[in-house]
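User: Hi! I am new to protein structures and would like to walk through one with you. Could you show it and then take my questions?

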Amino acid sequence: MNKCVLVIDDDLDTVSLISVVLEQENYQVVSTTKVEDGLKYFEQHHPAVLIMDLEMPSIHGVQVLKKIKPGIEKDFSVIIITGYGHDTNVKICYDLGVYAFLSKPVRLVELKGLVRNAMLWEEYKQALKMHEEELERLVQKRTDNLSQEIEMRKSVELQLVQANQVKDKIFSILTMDLRSPLSNLLMNLQFLH
């Protein structure tokens, strides 16, 4: 399981504190104060959890969210940390697929709990994805088997139709071949009678 956490915040003290706390929890932590560097790392290494400040000077967190498009179907979770938790921003972020919010100053117990839960959430999503893939393989296998059985039944049905046609032709020939002698015999019998 990918235990990498990417931290993007323009406040160096916050980045340092979060990094130290999460490294003590045995997470691989990559942190930066530059959004552009964080986005490059994110695109190249796909961390399991992204912890990001919402109000940054170069790029607003909502713009970053629109770019990376988090959500339940993705293989990462986003935790937003902000000192300016306006209700409209919170709603927009949740609508864009954010996993959770943390207010500044960050409470370390809450941070650890959210990261642990986000990691568990990612594990569950990964396990669910593996089960879905296995189910898809099983369904495909059954579909292939059913297709083969249908083809086999069509072949047998075609053979039965052909056999029935041959039987009808044989009966037709026998009927013609037997009708003439029987008719002659019947005529001779009537003549004799």
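Analyst: Two strands pair if DSSP finds at least two bridges between them, and helices (H or I, at least four residues) and strands (E, at least two) are DSSP runs, numbered from the N terminus. This is a predicted model, in which local features need pLDDT of at least 70, side-chain atom pairs count only at pLDDT 80 or more, and totals for chains, interfaces and linings use all residues. Residues are numbered from 1 along each chain as its sequence is written, and side-chain values use heavy atoms, leaving out hydrogens and water.

User: Which residue in β5 is the bridge partner of isoleucine 79?

Analyst: Strand β4 (residues 77-82) runs parallel to β5, and four bridges join them. In β5, the partner of isoleucine 79 is alanine 100.

User: How many of the five residues of β3 are buried?

Analyst: Buried means under 20% relative accessible area, exposed over 50%, and partly exposed in between (1.4 Å probe, protein chains only). On one side of β3 we find Val49, Ile51 and Asp53, on the other Leu50 and Met52, and all are buried. Strand β3 is therefore largely enclosed by the rest of the structure, and its buried count is five of the five.

User: How many bridges join β3 to β4?

Analyst: These two strands run parallel. Leucine 50 stands opposite valine 78 in β4. The number of bridges joining β3 to β4 is five.

User: Why do the buried residues of helix α3 lie on the same side?

Analyst: Helix α3 (residues 61-68) has Gly61, Val62, Val64, Leu65 and Ile68 as its buried residues. They are on the same side of α3 because they cover an arc, taken from the directions from the helix axis to the C-beta atoms, of only 155 degrees. On the other side, Lys66 and Lys67 are exposed. The buried residues of α3 pack against α2, β3, β4 and α4.

User: Is asparagine 89 buried or exposed?

Analyst: Asparagine 89 lies in helix α4 (residues 87-95). Leaving out residues up to four places away in sequence, asparagine 89 touches Leu54, Glu55, His60, Val62, Tyr84 and Phe101. With a relative accessible area of 12%, asparagine 89 is buried.

User: How many disulfides does the structure hold?

Analyst: A disulfide is a covalent bond between the sulfur atoms of two cysteines; here it is counted as a pair of cysteine sulfur atoms within 2.5 Å. Cysteine 4 is buried, at a relative accessible area of 3%, and cysteine 93 is buried too, at 0%. The number of disulfides is zero.

Note on methods: Contact = heavy atoms within 4.5 Å.
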